[in-house]
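This briefing concerns side-chain contacts and surface features in one protein chain. Please consult the sequence and structure shown here.

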Amino acid sequence: LHAPADAATEQSVKSGATTTTWQAMRDYDGFAAVAMWVTDGGSGGLIELSIYAATDASASNATEIKTTGAIAADALGDYTVLEVSAEEVNDLGRGAATPLAFTHLTAYVDCTHDDDEVAVTYIQYGAKRPTSGLTAETIA
């Protein structure tokens, strides 16, 4: 659940208050982020979803790779999906003025208010070493 620290500024999706959730892409063919507006801090809400790439897990050379542009979310439950292939990321990194080898991706979200909340889900797909039995059951 992403709760922005400031209104109308694009911010990385975090685990807790400060740790950006960079995902290693070495073993995957693509990455998708799904963002859904779940708590309304006033009129408006989810404004933009972006995917950023970096050359390591500490966000070195963080660069916006793809964005939805402006989103006209007008009701709770409105959502957007953005995805990028590993090939796209690699091409953009190699094509930079100083070529970069991007290895990690994350999502950035922009909201109208600092008390809006957005549920964000990451999907890494095309596992290069797929395996079974990774889904655990929890029964209370």
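The points below treat salt bridges, aromatic pairs and a surface patch in turn.

The model is predicted, so local features require pLDDT of at least 70 and side-chain atom pairs count only at pLDDT 80 or more, while totals for chains, interfaces and linings use all residues. Residues are numbered from 1 along each chain as its sequence is written, and side-chain values use heavy atoms, with hydrogens and water left out.

**Salt bridges**

- Four salt bridges are counted, a salt bridge being a side-chain nitrogen of Lys or Arg within 4 Å of a carboxyl oxygen of Asp or Glu.
- Arg 26, Asp 27 and Arg 129 are joined in a network of salt bridges.
- Strands (E, at least two residues) and helices (H or I, at least four) are DSSP runs numbered from the N terminus.
- Arg 26 is exposed at 65% relative accessibility, and Arg 129 is exposed at 59%; exposed means over 50% relative accessible area, buried under 20% and partly exposed in between (1.4 Å probe, protein chains only).
- Another salt bridge joins Asp 91 and Arg 94 at 2.8 Å, N to O. These residues are three apart in helix α1 (residues 86-94), so about one helical turn separates them.
- Asp 91 is partly exposed at 41%, whereas Arg 94 is exposed at 54%.

**Aromatic pairs**

- Two aromatic pairs are counted, where rings of Phe, Tyr and Trp (its six-membered ring) have centres within 6.5 Å; planes under 30 degrees apart are stacked, over 60 edge-to-face and the rest tilted.
- One of them is the tilted pair of Phe 31 and Tyr 122, with 5.1 Å centre to centre and 55 degrees between the planes.
- Phe 31 lies in strand β5 (residues 30-39) and Tyr 122 in strand β10 (residues 117-125), so the pair ties together parts 91 residues apart in sequence.
- Phe 31 is buried, with a relative accessible area of 0%, whereas Tyr 122 is partly exposed at 22%.

**Nonpolar surface patch**

- Met 36, Tyr 79 and Val 81 form a nonpolar surface patch with about 300 Å² of accessible area together.
- Patch residues have over 30% relative accessible area and no salt bridge; nonpolar side chains (Val, Leu, Ile, Met, Phe, Trp, Tyr) are joined within 5 Å and like charges within 9 Å. Accessible areas come from the Shrake-Rupley method with a 1.4 Å probe, and for residues only the protein chains shown count as cover.
- Val 81 is in strand β8 (residues 79-85) and is partly exposed at 46% relative accessibility.
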